[in-house]
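Open your viewer and get ready to select residues by number. We will go stop by stop.

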Amino acid sequence: MKLGWLAAPAWRLGLPMLAAGALQVASFAPLGWWWLQPLCLALLAGTVQRATPRRAAWAGWCYGLGWLVAGLWWLYISMHDFGGMPMPLAALAVLLLAGLLSLYLALAMAAAAWLGRGHSPLLRGLVFAACWLMAELARAQLLTGFPWIASGYAHSEGLLAPLAPWVGVYGMGAVAALLAAALAGLVMAPRRAPALLGVALLLPVFGWLAPKEFTEPAGELKVSLLQPNVPQDIKFDPARFGENMAALQAQLLGATGQLVVTPESVLPVPRADLDPAYWASLVQPFSQGERAALIGTFLGDAQEGYVNSMAGVSARQLASGGFYGYGKRHLLPFGEFIPPGFGWFVELMQIPLGDQAHGTNEAVFEVGGQRVRPLICYEDLFGEDFAGSAVGPQSATMFVNASNLAWFGKHMMQEQHLQFSQLRAMEFQRPLVRATNTGMTAAIDHHGVVTQALQPWTTGVLDVTVQGRQGDTPYARWLSRLGLWPLWVLVAAVLMAARLMPRREGTSPTRASAADT
């Protein structure tokens, strides 16, 4: 089959890629049409396998641009509506971010076209999947990483979901890319595609036939998750501090769980600047007995830096005159720390406490016989950062995510983050509960199923009984020891094989024939 637009002007090649990338976003929450992701990606796979490296790079960049603009458009809301950035500049910032992140995919697709040319459909498909994986790993890790809406999240349900405790989100994305290459092969060269399709289906079949339970129950804990529902435009308004903090006090003191969890930064001023009497009133219910709370605040000071933190209070900590403190380790560029040379940009957004210090505490918080691992906001996208807390006899039995997503409006972002938390629960087979300011406050079981949730943009307390889990998934074991390096080694092995194996006579990895284009 000939792909005629490959010989067309660049804009005619780019438009289908932009559309396919944007359409791929429908495979993620809130729509969750997981089957659409490999179908959209098949268009890119077929194009790359018949294009020159230069045009493959262009196709990859356009696909990435459509995907990331459609998937990250809500950043505009935080910059314009709440950050005060002028409308054209906020829109341009989203476009530039998507364009820069898409360079990873552009370079990867150029490599796929160069290394795949002249090889069998099977090896070309493996090269495409390896290069796709390479682009996703680069986006996840380079320059602090920004792996939002990585392709594997689309498969928190569906055919590839059983692979989560084996290979994790990036492995699932690579398998989906291999399936996409196989679908493209069925259309382009159906007589030569069966081998590729067979290999592409091996891992999904393995996922459905292999063992699925790696953890066991470790007791129950009653948890109260607070959703204050404070609009972002008044959260840091000094004139509203008294009203908001009184409402928080009433909500916190009225909660009945063994563990009470607030959203992140629920206290709009650093802990050191709080009225001591107010802080004493918040922690008093937890000064006796077995109850405890995790309260979102900023720890530290102006000299050493403020740390976005969860302060854990219980009778044991209070009796010793202190409290447990977990500080956010993986900070969001531009929102929580200022990259060198971008101070002017962050000042335009007018974000309170926009240059924070990194947290360091990795210890779990013990309450009611459970070992709780806090995660703050988008930290739960970086499973490799906390995989070590999910293995071993003293590993965490549950995860707690505290977030404030009011910065990003009412559409899509909250559902996306909930889906990402679901996949973390599946990878490590640990329950994960979420306390958020405006939504999605929810409880997720160890299979990634949302068991209970509050209606977004309402004020309330979600009382849930969480069953802790203990035991190690295969993914948790290798990720905690080796990080993401096994996936990088897999990429290198496939690309090296393609580089060294002989090609069909008359083909070149750098020049496309007229028949191909």
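## A helix and its surroundings

Start with helix α15, residues 413-428. At 1.5 Å a residue, its 16 residues should span 22 Å, and the end C-alpha atoms lie 23 Å apart, which agrees. Keep in mind that this is a predicted model.

Is α15 mostly enclosed or open? Of its 16 residues, 15 are buried, so the rest of the structure largely encloses this helix. Step just past its end to Gln429, where phi is positive, about 50°.

The axes of α7 and α15 come within 8 Å and cross at roughly 140°. The two helices are therefore oblique to each other.

Which residues meet here? On α7, select Ala164, Pro165, Gly168, Val169 and Met172. On α15, select Leu423, Arg424, Met426 and Glu427. Colour this contact by type: six residues are nonpolar, one is polar and two are charged.

Next, go to the largest nonpolar core, which has 136 residues. Select Leu44, Tyr63, Trp148 and Leu259, the members that touch the most others.

Zoom in on Leu44. What does Leu44 contact beyond its neighbours within four places in sequence? Show Met17, Ala59, Gly60, Tyr63, Met109, Phe128 and Trp132.

For the last stop, pick Ala255, Leu267, Val269 and Trp279. They are among the 20 residues of another core, which lies apart from the largest one. In soluble globular proteins, nonpolar side chains tend to be buried together.

Conventions. Residues numbered from 1 in each chain as written. Predicted model: local features only at pLDDT ≥ 70, side-chain atom pairs only at ≥ 80, totals over all residues. Heavy atoms only, no water. Core = buried A, V, L, I, M, F, W, Y, C linked by side-chain atoms within 4.5 Å. Buried < 20%, exposed > 50% of the residue type's maximum accessible area, 1.4 Å probe, protein only. Contact = heavy atoms within 4.5 Å. Axes fitted to C-alpha atoms, helices over the stretch in contact; angles between N-to-C directions. Helix = DSSP H or I, 4+ residues; strand = E, 2+ residues; numbered from the N terminus. Parallel < 35°, antiparallel > 145°, perpendicular 65-115°, else oblique. Nonpolar A, V, L, I, M, F, W, Y, C, P; charged D, E, K, R; others polar. Expected span 1.5 Å × (residues − 1).
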